[in-house]
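Visitor: Hi! Could you walk me through this one?
Guide: Happy to, let's bring it up.

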Amino acid sequence: MSNLPKDLRDDLEKRFFIDSIKIKNCECSSDGSKKYLFVDSKENSFESVLLKMKDKKYDESGNITTSEKYTICVSTQIGCKVGCSFCLTAKGGFTRDLSAGEIVFQILAIKRDNDIPVEKRVNVVYMGMGEPLDNFENLLKAIKILSCEDGLSISPKRQTISTSGISPKITKLGEENLGVMLAISLHAVDDELRSELIPLNRAYNIKSIIEAIKKYPIDSRKRIMFEYLVIGEKNDDIKSAKKLIKLLEGIKSKVNLIYFNPYPGTEYKRPKKEDMLNFQQYLVDRGVLCTIRESKGLDISAACGQLRERSRDGIS
Ligand code: SAH
Ligand code: SF4
């Protein structure tokens with residue numbers, strides 16, 4: 001814009017930048033989910049996933065109507081500082097926080113790429129790369145931008161933050177009273193194993209997380225989700241299931257069991273299906289709501305960080 005005074009151009013260049021992230025790669029899974037690899041101008045990469053589900057409803061005449069229900073899983077950071085021992089994202093270290101704009105852009109770009117109508121509401125889960133509560137201000141800004149009724153109009157009730165459990169930040173998020181949903185990556189029922197899996201547990205142990213959750217304001221019809229990554233011969237026994245029930249006493253919760261998704265070089269194993277089902281049954285029989293996460297996109301390395309690693313290795 002050479003029609004602007006030189007001083008103003010210099011000033012603009014110093015204080016603002018026009019930079020956008022781009023889709024570098026996209027893999028489709030046989031179950032309809034799609035995994036996106038985004039890159040910034042410095043070729044730093046991060047991932048998002050589009051999950052498609054069929055939503056069945058009854059119309060006035062009692063006929064079943066089906067429509068597509070979309071959930072977009074977004075990243076909040078490039079890499080992660082938490083360093084969980086089972087997570088591939090952690091292996092790549094931490095590069096930087098994503099801005100609120102970059103978080104929102106993942107949803108815009110994926111909606112556009114799939115011709116999802118602007119007015120079609122999607123669910124958002126902050127379960128991609130990074131620890132959302134470690135990028136608190138940008139996360140808050142993104143939640144507010146996404147929920148704006150003049151924009152994408154994604155109510156906070158349709159947005160779920162998954163966290164490895166930074167207790168003081170859970171409390172701080174609760175104080176914001178946004179109505180956003182929470183998923184806790186619990187993964188273990190005693191501090192020893194949890195600290196091995198999630199080193200952050202040494203600073204914020206299970207007790208501190210449970211205390212923070214008990215204070216977290218949540219819509220009376222909703223539940224706090226507890227994610228439990230099931231690792232073969234590590235935490236897949238009934239003794240752990242029993243302890244889990246005890247821990248969740250007094251919390252309106254839902255447990256989501258996740259199969260550990262192995263990758264080359266990991267010391268951990270995928271659990272046996274039978275152990276997974278027994279674990280679930282034990283909880284269900286005792287009145288705990290418990291689902292097993294469908295391994296959507298297994299064939300496209302859908303667990304956190306796996307597409308990026310494949311891309312770095314030159315596989316994709
Ligand atoms: N940092 C946040 C959100 C991103 S991780 C958190 O930890 O909650 C999103 C989810 O992916 C977490 O529940 C995590 O446990 C899971 N995950 C990471 N590596 C995995 C793997 N190899 N197999 C299955 N799930 C994995
Ligand atoms: Fe970070 Fe979540 Fe991976 Fe742990 S599981 S390293 S918190 S992204």
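Guide: Before we start, contact here means heavy atoms within 4.5 Å. Also keep in mind that this is a predicted model.

Visitor: Good to know. Which residues in helix 4 meet helix 5?
Guide: On the helix 4 side they are Phe136, Glu137, Leu140 and Lys144. Their partners in helix 5 are Lys169, Lys172, Leu173 and Glu176.

Visitor: And by class, how many residues in that contact are nonpolar, polar or charged?
Guide: The contact of helix 4 with helix 5 has five charged residues and three nonpolar ones, with no polar residues.

Visitor: At what angle do the axes cross?
Guide: The axes of helix 4 (residues 136-147) and helix 5 (residues 167-176) cross at roughly 30 degrees, and they come within 12 Å.

Visitor: Left-handed or right-handed?
Guide: The crossing of these two helices is right-handed.

Visitor: Switching to the ligand now. Which residues come nearest to ligand 1?
Guide: There are 23 residues around ligand 1, and Gly130, Ser162, Ser185, His187 and Asn261 come nearest.

Visitor: How far is the side chain of Ser162 from an oxygen atom of ligand 1?
Guide: An N or O atom in the Ser162 side chain is 2.7 Å from a ligand 1 oxygen. For His187, a polar side-chain atom lies 2.8 Å from an oxygen atom of the ligand, and for Glu227 the distance is 3.4 Å.

Visitor: What share of the ligand's accessible area does the protein cover?
Guide: On its own, ligand 1 has 540 Å² of accessible area, and the protein covers 94% of that.

Visitor: Which elements give two or more residues to the shell?
Guide: Those are strand 8 (159-163), strand 10 (224-230) and strand 11 (253-259). By class, the shell has 12 nonpolar, nine polar and two charged residues.

Methods. Residues numbered from 1 in each chain as written. Chains lettered and ligands numbered in written order. Predicted model: local features only at pLDDT ≥ 70, side-chain atom pairs only at ≥ 80, totals over all residues. Heavy atoms only, no water. Axes fitted to C-alpha atoms, helices over the stretch in contact; angles between N-to-C directions. Helix = DSSP H or I, 4+ residues; strand = E, 2+ residues; numbered from the N terminus. Left-handed = near helix turned anticlockwise from the far one by under 90°. Nonpolar A, V, L, I, M, F, W, Y, C, P; charged D, E, K, R; others polar. Near = heavy atom within 4 Å. Polar contact = N/O pair within 3.5 Å; in protein donor to acceptor, adjacent residues only side chain to side chain. Areas by Shrake-Rupley, 256 points an atom, 1.4 Å probe, with all protein chains shown as cover.
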